[in-house]
Amino acid sequence: MIIYHKYMYSFVTKRNIFKQNFKAMQSRSIIHIDLDAFFVACERLLDSSLNGKPVLVGGTSGRGVVAACSYEARAYGIHSAMPMRMAQQLCPDAIVIKGNAGIYSKYSDAVTEIIKEQSPLYEKSSIDEFYIDISGMDRFHGCYKWAKELRSTIIRETGLPISFGLSTNKTVAKVSTNEAKPNNYIEVCKGEEKPFLAPLSIKKIPMVGDQTYKTLQGMGIEHIHTIQEMPVELMDRLLGKNGISIWKKAQGLDHTPVIPYNERKSISSSITFERDTIDVRKLKDILSTMAEKLAFYLRNGKKLTSCVTVTVRYSDFDTRSRQVRVPYTSCDHTLIEKVMSLFDQLYQRRVLVRLVGVRYSHLVEGAYQINLFEDTEEIINLYQAMDKIRNRFGQNAVRRVVTMDTRGIGQMSNPFNGLPPVIPAHRRA
Amino acid sequence: MKFIVSSSLLSKKLQVIAGVLNTSNTLPILDDFLFEVKKNKLTISASDLETTMTTKVDIESKDSGSIAIPARLLLDTLKTFPEQPLTFLIDNDNQGIQISSDYGKYKLSGHSSDEFPKIPTIDDGEKLDLSAELLARALSKTIFATGNDELRPVMNGVLCEFSTDDITFVATDAHKLVRYRRSDAKVETGASFIIPKKPLSLLKNALPEDETDISVSIQYNDSNAFFTLDGSNLVCRLIDGKYPNYDAVIPKENQNRLSVDRQAFLNCVKRVSIFSNKTTHQVRLKVSGSELQVSAEDLDFANEAVERLTCQYDGEDMEIGFNSRFLSEMLSNLDSDEIILELSAPNKAGLLSQAPGSAVDGEHLLMLVMPVMLND
């Protein structure tokens with residue numbers, strides 16, 4: 001279900017959405033905008049000496065991975081999501097930068113601001129990607145011309161390199177952007193979607209990840225045209241529902257609308273340890289820290305959760321998670337207790353642990369309903385006082401004693417502001 | 001075995017006890033009514049193991065015996081008959097039942113009455129009498145506030161406390177609480193037990209609405225309670241456990257006192273809550289001077305509502321959030337024209353009561369509602 005939000009632009013009324021659906025049957029014009037090597041580009045704006053050199057942004061510690069790399073670095077065979085160690089072996093001269101999510105968000109916001117001002121309907125699908133629906137604009141400006149103008153405005157005002165693809169739907173627009181890169185643009189006109197996709201590798205279809213790629217490759221399917229010629233039933237039998245969806249995308253069909261508001265369905269936090277650990281006390285302290293911090297975000301965002309999930313990944317990558325439904329709550333003590341009991345149920349193997357994580361989902365709008373017998377006045381007042389201190393002096397200004405030793409778990413700004421989370425490219429599904 | 005009974009009388013009596021039947025039973029025999037015939041008297045029972053209801057019907061019969069008859073089939077058949085005598089002919093050997101009406105014959109097969117669970121009896125328990133009117137009123141004020149949480153079974157029932165000074169009924173689900181006390185009724189020996197909500201609702205429906213002089217006799221021991229009225233009776237298992245200490249959580253002193261027209265407040269809450277979140281139903285009350293502002297919003301759909309009411313208010317300005325469901329349930333279960341809402345702080349319980357002078361003599365009704373934790 002699509003939920004429309006208060007902060008959407010006023011013209012996106014239900015009627016307009018119907019119109020949009022109607023248009024879906026006719027012809028749409030969708031632009032996909034992508035900032036090239038976004039994190040690197042931001043670093044280069046701050047330090048011009050990085051220009052023209054291989055630059056890597058990502059975790060610098062032993063377990064770090066590459067979040068973004070400059071095109072110079074890509075020439076060495078480096079790609080995002082590659083372990084940092086391996087990247088450094090491939091290109092020992094590369095400059096490694098730890099990265100700063102705050103700065104990237106700021107640049108991303110600047111780009112959003114321009115797009116918001118210029119475009120009738122846009123969707124920010126991640127920190128460096130946007131979809132814009134400019135259906136019907138052809139008559140007045142010419143879509144391609146309008147998109148080129150928007151691109152030069154963004155480059156002029158922010159100095160960030162940018163690529164775009166213009167086509168009749170989101171999938172083809174995204175694929176064409178990737179083809180246009182770096183710092184270029186492309187238009188795939190109506191009727192040309194299928195021939196455009198045909199010669200490309202099946203890897204280029206969004207949704208085809210490593211696993212699916214291997215499955216399809218194992219059957220000798222290498223290029224999109226093979227899927228285009230396959231009957232849809234075969235894909236269904238092969239990959240189930242996803243298969244049908246991939247088949248449609250391969251045909252250049254995609255009716256998903258451009259949705260201007262990004263609704264948070266869950267909030268989560270996880271940590272990969274520098275070194276795998278078996279220190280149960282430390283694991284529990286870290287889980288408490290996460291549970292507490294996420295509960296604070298819930299209260300601040302006026303949300304309640306009714307599903308708690310805990311994930312444990314052992315050193316052999318065996319990943320287990322377990323969830324439990326709870327009555328709607330945003331209270332530390334109930335949530336920490338649930339997280340602890342889930343962890344106790346989960347942590348069965350006496351093996352080193354690589355990662356732990358907590359997720360709250362099934363969120364609803366609302367404030368915590370105080371319980372007559374279980375909540376004392378003191379505890380409610382304590383939560384409110386702690387939240388006040390945190391909002392004024394920062395999220396780590398006041399903490400539980402058990403969480404004191406754990407280092408701060410990555411901070412978010414308000415996770416319920418309708419914007420996509422700041423997740424680097426290599427961690428996107 | 002053979003007996004003749006009036007169709008409408010039988011139907012009426014069966015309707016009363018049919019509420020006991022569950023839609024899905026583990027024991028097939030629990031889908032049946034137990035018919036016991038003895039000297040022109042028919043006793044019918046329905047049971048779900050926890051609760052058993054029994055009622056008596058006058059019939060014409062020379063025999064005596066018993067049989068279990070499938071309830072759904074019988075109820076559906078009876079519904080279609082206008083008033084007329086029905087003849088039941090029961091073959092005790094193969095549990096075959098033949099019903100004859102003015103229109104024709106209907107055959108169905110029953111079960112042996114031995115399979116039907118034994119109905120508990122009380123010989124040694126304490127006994128007391130209450131007026132049906134009082135009991136009906138007490139139940140209608142309290143049942144709605146009981147809980148539904150299987151993890152806390154004591155809250156799924158109503159606490160009945162009978163003492164030498166007064167009698168008290170309490171229900172709570174940990175978010176709201178109702179205490180119904182009558183100082184005009186008392187008993188000789190004190191007692192306290194928790195009755196599950198299902199038999200209480202059944203009892204409430206079985207109580208006559210207008211006749212005031214009927215009394216219900218209650219008999220109880222450690223595990224069961226027995227209610228007898230007007231030819232029918234109900235046995236139920238009591239909830240075993242310790243009821244939370246409700247007196248400790250009822251605030252003694254709530255300084256901020258708001259008095260408002262009940263119907264106006266109820267209508268206002270109902271209207272505004274349509275605009276609240278569909279899952280949490282939260283509304284916000286803001287009191288200042290002699291104005292009560294009720295507001296709600298649902299950010300997901302950009303819905304918003306604000307209403308203002310005039311009220312009498314004696315206290316500090318306050319903003320407090322409540323689940324609108326609780327408020328409207330409570331307001332519709334109060335009867336007075338004017339109600340009193342006593343508050344102390346946005347994080348503490350609010351107390352709802354009827355304006356003084358409007359209650360029945362000797363009746364003390366108190367409703368407590370916990371707020372939601374507003375964070376601003």
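## Ser47(B) and its surroundings

A polar contact is a pair of N or O atoms within 3.5 Å; within protein, one must be able to donate a hydrogen and the other to accept it, and residues adjacent in sequence count only if both atoms are side-chain atoms. One such contact, of 3.3 Å, joins the side chains of Ser47(B) and Thr52(B). A polar atom of the Ser47(B) side chain also lies 3.0 Å from the backbone nitrogen of Leu49(B). Please keep in mind that this is a predicted model, where local features need pLDDT of at least 70, side-chain atom pairs count only at pLDDT 80 or more, and totals for chains, interfaces and linings use all residues. Side-chain values use heavy atoms, with hydrogens and water left out; residues are numbered from 1 along each chain as its sequence is written, while chains are lettered from A and ligands numbered from 1 in the order in which they are written.

Ser47(B) belongs to strand 3 (residues 41-47) of chain B; helices (H or I, at least four residues) and strands (E, at least two) are DSSP runs, numbered from the N terminus. Is Ser47(B) buried or exposed? Ser47(B) has a relative accessible area of 3% and is therefore buried, a term for under 20% relative accessible area, with exposed meaning over 50% and partly exposed in between (1.4 Å probe, protein chains only). Leaving aside neighbours within four places in sequence, Ser47(B) is in contact (heavy atoms within 4.5 Å) with Val20(B), Leu30(B), Thr52(B), Phe116(B) and Pro117(B).

## Helix 7 of chain A

Over in chain A, helix 7 (residues 170-180) is mostly covered, with 9 of its 11 residues buried. Among them are Lys170(A), Lys174(A), Val175(A) and Ala180(A). At the start of this helix, a side-chain oxygen of Asn169(A) comes within 3.2 Å of the backbone nitrogen of Thr171(A).

## Where the chains meet

Contacts link 32 residues of chain B with 26 residues of chain A. The area buried between the two chains (the accessible area, 1.4 Å probe, that two parts lose on being put together, summed over both) is about 2600 Å², and carbon and sulfur atoms give 58% of this area. Leu299(B), Asp300(B) and Met373(B) supply 28% of what chain B buries against chain A, more than any other three residues.

## Pocket and cavities

On a 1 Å grid over the protein atoms alone, a cavity is a set of points where a 1.4 Å probe fits but cannot get out, and a pocket is an open set with protein on both sides within 12 Å along at least five of seven lines; lining residues have an atom within 4 Å of a point. Grid points are joined across faces, edges and corners, and a volume is the space filled by probe spheres set on the points. The second largest pocket has a volume of about 1100 Å³. Of its 33 lining residues, the closest to the centre are Pro327(A), Tyr328(A), Asn371(A), Arg152(B) and His175(B). Strand 11 of chain A gives the largest share of this lining, 5 residues.

There are 2 cavities of 30 Å³ or more. The largest has a volume of about 90 Å³, and helix 13 (residues 280-300) of chain A gives the largest share of its lining, 4 residues. That lining divides into 2 nonpolar, 4 polar and 4 charged residues (Ala, Val, Leu, Ile, Met, Phe, Trp, Tyr, Cys and Pro count as nonpolar, Asp, Glu, Lys and Arg as charged, and the others, Gly among them, as polar). The second largest cavity, of about 30 Å³, is lined by 9 nonpolar residues, with no polar and no charged ones; Cys160(B), Phe162(B) and Ile218(B) are among them.
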